[in-house]
Amino acid sequence: MQQNLKRIAGGNWGISQIHRRTFYKTVIERMLAYGSSAWCLNPTLKMKRKLSSIQRPFLLHISGDYRTTPTAALQTILGIPPLHMQLQFESRFTTIYRLRISLPPNITDIQPQDLEMKATGWSIHPSSISNQSKSL
């Protein structure tokens with residue numbers, strides 16, 4: 001997959017950085033996240049290093065930066081979190097909300113309310129807004 005991204009990205013031609021990033025987030029990250037709830041609840045240091053080495057070539061092809069650019073800098077520039085953190089978040093989310101399994105007691109740094117995203121900005125339902133504007 002990394003070679004395929006390299007092939008379609010090109011040096012100064014090919015798909016744009018936005019499309020490369022979207023490709024990574026929707027295809028590559030989804031492939032790596034498959035089954036992560038079974039193996040990535042509490043990743044070891046060895047797993048973190050391996051996931052970082054998997055993520056690095058993709059980040060280089062997305063950004064087009066030099067090979068000597070640090071991985072942490074690539075993650076910051078592109079706004080893509082480290083792969084082990086993303087997979088850990090998704091595995092915990094899947095375990096809590098989809099599988100309805102409580103987390104082991106040694107994993108206490110995450111709470112269900114941390115995973116919930118509250119919708120803000122709407123004081124009334126959007127369909128009510130269109131009905132009110134028609135009556136005015």
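**Close-up views of a predicted model**

Phenylalanine 93 is partly exposed, at 26% relative accessibility; this value, like every other one in these legends, comes from a predicted model.

**View A. Two aromatic pairs occur in the structure.** In one of them, the rings of tyrosine 24 and phenylalanine 58 have centres 5.9 Å apart and planes at 45°, and the pair is therefore tilted. Tyrosine 24 belongs to helix α2 (residues 17–33), whereas phenylalanine 58 belongs to helix α4 (residues 45–63), so the pair ties together parts that are 34 residues apart in sequence. Tyrosine 24 is buried, with a relative accessibility of 0%. Phenylalanine 58 is likewise buried, at 6%.

**View B. The rings of phenylalanine 89 and phenylalanine 93 form a stacked pair.** Their centres lie 6.5 Å apart and their planes meet at 20°, so the pair counts as stacked. Both residues are in helix α6 (residues 83–98), and because they are four residues apart, about one helical turn separates them. In general, an α-helix has 3.6 residues a turn, so residues three or four places apart point the same way. Phenylalanine 89 has a relative accessible area of 33% and is partly exposed; phenylalanine 93, at 26%, is also partly exposed.

**View C. A salt bridge joins lysine 25 and glutamate 29.** The structure has two salt bridges in total. In the one shown here, the N to O distance between the side chains of lysine 25 and glutamate 29 is 3.2 Å. Both residues lie in helix α2, four residues apart, about one turn of the helix.

View D. Distant parts of the chain are linked here: arginine 30 lies in helix α2 and glutamate 90 in helix α6, 60 residues apart. Arginine 30 is partly exposed, at 39% relative accessibility. Glutamate 90 has a relative accessibility of 15%, which means that this residue counts as buried, the limit being under 20%.

**View E. The largest nonpolar core contains 15 residues.** Which of these residues touch the most other members? They are Tyr24, Ile62, Ile80 and Leu87. Helices α2, α4, α5 (71–78) and α6 each contribute at least two residues to the core. The most is given by α4, with five residues. Isoleucine 80 is in contact with Arg21, Tyr24, Gln55, Leu59, Ile62 and Gln75, when its neighbours within four places in sequence are left aside.

**View F. Helix α6 is 16 residues in length.** From its first C-alpha to its last, α6 reaches 21 Å, close to the 22 Å expected at 1.5 Å a residue. Its buried residues are Leu83, His84, Gln86, Leu87, Gln88, Glu90, Ser91, Arg92, Thr95 and Ile96. Leu87 is one of the core residues that touch the most other members. Arginine 100 follows α6 and has a positive phi, near 55°.

Note on methods: Residues numbered from 1 in each chain as written. Predicted model: local features only at pLDDT ≥ 70, side-chain atom pairs only at ≥ 80, totals over all residues. Heavy atoms only, no water. Phe/Tyr/Trp six-rings, centres within 6.5 Å; stacked < 30°, edge-to-face > 60°. Buried < 20%, exposed > 50% of the residue type's maximum accessible area, 1.4 Å probe, protein only. Salt bridge = Lys/Arg side-chain N within 4 Å of Asp/Glu carboxyl O. Core = buried A, V, L, I, M, F, W, Y, C linked by side-chain atoms within 4.5 Å. Contact = heavy atoms within 4.5 Å. Expected span 1.5 Å × (residues − 1).
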